[in-house]
Amino acid sequence: MTDPEETKEQAAEQTVGQAAEEAPGQAASAEAEETPQASSDEAVLGEEIEAAEGTFQRIPLQSLRLDTYTDFNLYLKLANTNRYVLYRNANLLFTERHRAKLQENAVKHAYISAEDRMRYFRYLEGRLNEIVSDGSLTATETSRIVYECSTHLVREIIEKPWVGENIKRAEGLICNTVDHLLQGASHLKAMISIMSADYYTYTHSVNVCVFGVALGQRVGLSGQELNELGIGLLLHDVGKSEISKEILNKPGSLTPEEWQEMKTHPARGVEILKNTQQVGPNSLLVVGQHHEKCTGKGYPKALTSDEIHIYAKIASVADVFDALTTNRSYRKALESFPALRLMRKEMIRDFNPGLFRELIQMLGSREVLVSAPDREDYRSSRGRAAA
Ligand SMILES: [Fe+2]
């Protein structure tokens, strides 16, 4: 009996072949951005689709794992246009042969429809362990995949924070993020290079998680502790899902009433997460205490230094640093060292001094410092650690 998957695969190849024969000049003349010299048996070939920005999302070729079924359509983009062509239908096996053909044609990226984002990220999440340990990927390639998976998941969590299954997914993701960062300073540097410079609650949550886990590692936390810390950091602002958008996105300063409302987000976050029964008590401490200060002037409980958990102290340093080095509606991002100077000058007593020192040493170390040439490679990156 014929395997239905095989039949689908053959049909797709035939379609590709036919399209190439019917429009022999298409592949070569189209000069696909990602397929400059696509050969006639390569798959650039469905109908061209003119698409508005945001209709398709670029994905790295390396994120497509060999011998897996991609449950989303794959597209390629034509050079210097906003036109896309269907390259492979969903539910076909992606093999070494397919990847090799794309690589032969210097294809580095494929595209997915924005509607398939959720399917794509679920596909990645299920294979993140394999991706993180895949030595053929560069630290930057892996970092991009880990970062995008994380921001996507946190976005989902903030939209529907009561869904326990999403919180469970965060656990798996944190284990892989920690494993990735434990591979060395070059991996932290790569992560910092690709972090979003624009502030959104979900990107901020992932950024704080990266800085915090790296700091935790430097102060000798175990793998298990880093996982607990990482979950808390990833979810530390989940209570903001209950704060109105008018307050969250207000360009000017908040009124006293609005500020009171804003200050409820740590307790609300703890409540939301407790209800899911998916988050351990130590991770919840990060959520509840991340705005406490060692001076005893933080919120919501004005705890003193001795009363604040080490995880929350780490969260506090990472949280403030990321907030200062990202663009906000009311001010532009600071570069790393001006941000550290400001923290030292105006807030030093809020932080645990040892942790603040570690943050400076970590960002200033030669392995992590993002140099000017590196930044040129990532025009959209923040270049955070550049002096
Ligand atoms: Fe917060």
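This is a predicted model: local features need pLDDT of at least 70, side-chain atom pairs count only at pLDDT 80 or more; totals for chains, interfaces and linings use all residues.
Biologist: What kind of peptide bond joins Tyr-299 and Pro-300?
Modeller: Most peptide bonds are trans. Omega between Tyr-299 and Pro-300 is about 10°. The bond joining them is cis.

Biologist: Which helix packs with α13 at an angle of about 150°?
Modeller: Helix α13 runs over residues 265-276, and its partner over residues 281-289. Their axes are 7 Å apart. The angle is over 145°, so the two count as roughly antiparallel. The partner is α14.

Biologist: Which residues of α14 make that contact with α13?
Modeller: From α13 come Pro-266, Ala-267, Gly-269, Val-270, Leu-273 and Lys-274. By class, the contact of α13 with α14 has six nonpolar, two polar and one charged residues. On the α14 side, the residues are Leu-284, Val-287 and Gly-288.

Biologist: How far apart are the axes of α10 and α14?
Modeller: Helix α10 spans residues 223-234 and packs with α14 at an angle of about 40°. The crossing is right-handed. The axes of α10 and α14 lie apart by 8 Å.

Biologist: How many residues of the contact of α10 with α14 are nonpolar?
Modeller: Helix α10 brings Glu-228, Leu-229, Ile-231, Gly-232 and Leu-233. Helix α14 brings Asn-282, Ser-283, Leu-284, Leu-285, Val-286 and Val-287. Three of the contact residues are polar and one is charged. The nonpolar count is seven.

Biologist: How many of the 18 residues of α9 are buried?
Modeller: Helix α9 covers residues 201-218. Helix α9 is largely enclosed by the rest of the structure, because its buried residues number 16 of the 18.

Biologist: Which residue just after α9 takes a positive phi?
Modeller: Most residues other than glycine have a negative phi. Here the residue is a glycine, with a phi of about 90°. The residue is Gly-220.

Biologist: Is Glu-358 with its 19 C-beta neighbours buried or partly exposed?
Modeller: Glu-358 lies in helix α17, residues 353-364. Glu-358 has 19, so it counts as partly exposed.

Biologist: How far apart in space are Glu-358 and Arg-218, C-alpha to C-alpha?
Modeller: In sequence, Glu-358 and Arg-218 are 140 residues apart. Leaving aside neighbours within four places, Glu-358 is in contact with Leu-215, Arg-218 and Val-219. In space, the distance between Glu-358 and Arg-218 is 7.3 Å.

Biologist: Is Asp-67 with its 8 C-beta neighbours buried or exposed?
Modeller: Asp-67 is found in the loop between β2 (56-60) and β3 (68-70). Asp-67 has a positive phi of about 60°, though not a glycine. It has 8 C-beta neighbours inside 10 Å, so Asp-67 counts as exposed.

Biologist: What phi does Ala-106 have?
Modeller: Ala-106 lies in the loop between α3 (96-104) and β7 (109-113). Ala-106 has 13 C-beta neighbours inside 10 Å, so it counts as partly exposed. Although Ala-106 is not a glycine, its phi is positive, at about 60°.

Biologist: What share of the 387 residues in the protein is buried?
Modeller: The protein has 18 helices and seven strands. Among its contacts with a separation of 6 or more, 72% join residues 24 or more positions apart. The buried share of the 387 residues is 42%.

Methods
Residues are numbered from 1 along each chain as its sequence is written. Axes are lines fitted to C-alpha atoms, for helices over the stretch in contact, and angles run from 0 to 180 degrees between N-to-C directions. Helices (H or I, at least four residues) and strands (E, at least two) are DSSP runs, numbered from the N terminus. Angles under 35 degrees count as roughly parallel, over 145 as roughly antiparallel, 65 to 115 as roughly perpendicular and the rest as oblique. Two residues are in contact if their C-beta atoms, placed from the backbone, lie within 7 Å. Ala, Val, Leu, Ile, Met, Phe, Trp, Tyr, Cys and Pro count as nonpolar, Asp, Glu, Lys and Arg as charged, and the others, Gly among them, as polar. The expected span of a helix is 1.5 Å times one less than its number of residues. A residue is buried if 20 or more other C-beta atoms lie within 10 Å of its own, exposed if 12 or fewer, and partly exposed in between; C-beta atoms are placed from the backbone. A crossing is left-handed if the near helix is turned anticlockwise from the far one by less than a right angle, and right-handed if clockwise.
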